[in-house]
Amino acid sequence: MVKPRYPLLFLLLVGGMMAAYHWSQPALPEQADYYAQGRDINPFTLTDAEGQPFTPDSLSGHWTFLFIGYTYCPDICPTTLADLRSIYPELKKIAPSSQVVFVSADPQRDDSARLKRYTAFFQPEFKAATGPHNHLFPFVRNLGLVYSMAESGDKDYLIDHSASIVLIDPEGKLVAVFRPQMVDGQVPHVAMTTLVSDFGRIVRLANE
């Protein structure tokens, strides 16, 4: 007896619909630590490079790429800022509201004027902020980043700090962390090509 083909056709139809749905979905980020629902950022108050308050309102409406460091940093900070400058036009093309924020963990030496000169050297549109350590520590920790002061009385002290870049969405929630590549003999740095690609995917996911 010949069996009817309809069940097979039905299964093929369903399978095709499922495949089409799968391929129509935006791809997930390849390397970024991605938080689809976003993580809340606690209230904070810092001071920006214009001497104005830097608060959660400063993040609202923007896709913010934020990292911490200090202007006297000999390697990670200038490398990261130069890398971000090189891809900044691409970030703005993906989302015109994109902004880069450099948060100094060295309020003793990095006043507003110095921060403004430092970031403007790389890109005048880059923003910067800092604050007393009792404000900085909880803010940085909330983002999953760290920094520590060198135990030294030398005025040229160094600060150990994360090399990761965090991404904050226009709702002010932490949605991704881009971690640096660690290669012996090289300054830790985030792969910018991957960051751009993953950012595009994250924005498409947010618009779904």
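Glu30 sits in the loop between helix H1 (6–24) and strand E1, where helices (H or I, at least four residues) and strands (E, at least two) are DSSP runs numbered from the N terminus. With a relative accessible area of 55%, Glu30 is exposed; buried means under 20% relative accessible area, exposed over 50%, and partly exposed in between, with a 1.4 Å probe and protein chains only. Once its neighbours within four places in sequence are left aside, Glu30 is in contact with Asp198 and Arg201, contact being heavy atoms within 4.5 Å. Glu30 and Ser197 are 167 residues apart in sequence, yet their C-alpha atoms are 8.3 Å apart in space.

This is a predicted model, in which local features need pLDDT of at least 70 and side-chain atom pairs count only at pLDDT 80 or more, while totals for chains, interfaces and linings use all residues. Residues are numbered from 1 along each chain as its sequence is written, and side-chain values use heavy atoms, with hydrogens and water left out.

Taken as a whole, the protein has five helices and 10 strands. Buried residues make up 43% of its 208 residues. Of the contacts with a separation of 6 or more, 73% are between residues 24 or more positions apart.

A further pairing of this kind involves Ala206, which is placed in helix H5 and counts as partly exposed at 47% relative accessibility. Ala206 and Ala36 are separated by 170 residues in sequence, and by 8.5 Å in space from C-alpha to C-alpha.

Two packed helices are described by the angle between their axes and the distance between the axes. The axes of helix H2 (residues 76–94) and helix H5 (residues 192–206) come within 10 Å and cross at roughly 20°; axes here are lines fitted to C-alpha atoms, for helices over the stretch in contact, and angles run from 0 to 180 degrees between N-to-C directions. H2 and H5 are therefore roughly parallel to each other, given that angles under 35 degrees count as roughly parallel, over 145 as roughly antiparallel, 65 to 115 as roughly perpendicular and the rest as oblique. On the H2 side the residues that meet H5 are Asp83, Leu84, Ile87, Glu90, Leu91 and Ile94, and on the H5 side they are Met192, Leu195, Val196, Phe199, Gly200 and Val203. Sorted by class, this contact has nine nonpolar, one polar and two charged residues, where Ala, Val, Leu, Ile, Met, Phe, Trp, Tyr, Cys and Pro count as nonpolar, Asp, Glu, Lys and Arg as charged, and the others, Gly among them, as polar.

Helix H2 packs with helix H3 (residues 112–122) as well, their axes coming within 9 Å and crossing at roughly 50°, and H2 and H3 are therefore oblique to each other. Here Cys77, Pro78, Leu81, Ala82 and Arg85 in H2 meet Tyr118, Phe121 and Phe122 in H3, a contact with seven nonpolar, no polar and one charged residues. Thr80, also placed in helix H2, is buried with a relative accessible area of 4%, and, leaving aside neighbours within four places in sequence, Thr80 is in contact with Phe67 and Ile165.

Side chains of opposite charge can pair when their charged atoms come close. The structure holds six salt bridges, a salt bridge being a side-chain nitrogen of Lys or Arg within 4 Å of a carboxyl oxygen of Asp or Glu. In one of them the side chains of Asp33 and Arg179 meet at 2.5 Å, N to O. Asp33 lies in strand E1 (residues 33–39) and Arg179 in the loop between strand E10 (174–178) and H5, so the pair ties together parts that are 146 residues apart in sequence. Asp33 is partly exposed at 28% relative accessible area, and Arg179 is partly exposed at 46%.

Asp40 forms a salt bridge with Lys173, with the closest N and O atoms 3.6 Å apart. This pair links distant parts of the chain, 133 residues apart, with Asp40 in the loop between E1 and strand E2 (46–48) and Lys173 in the loop between strand E9 (165–168) and E10. Asp40 counts as exposed at 56% relative accessibility, whereas Lys173 counts as partly exposed at 30%.

A salt bridge also joins Asp106 and Arg109, whose closest N and O atoms are 2.6 Å apart. Asp106 counts as buried at 0% relative accessibility, and Arg109 counts as buried at 14%.
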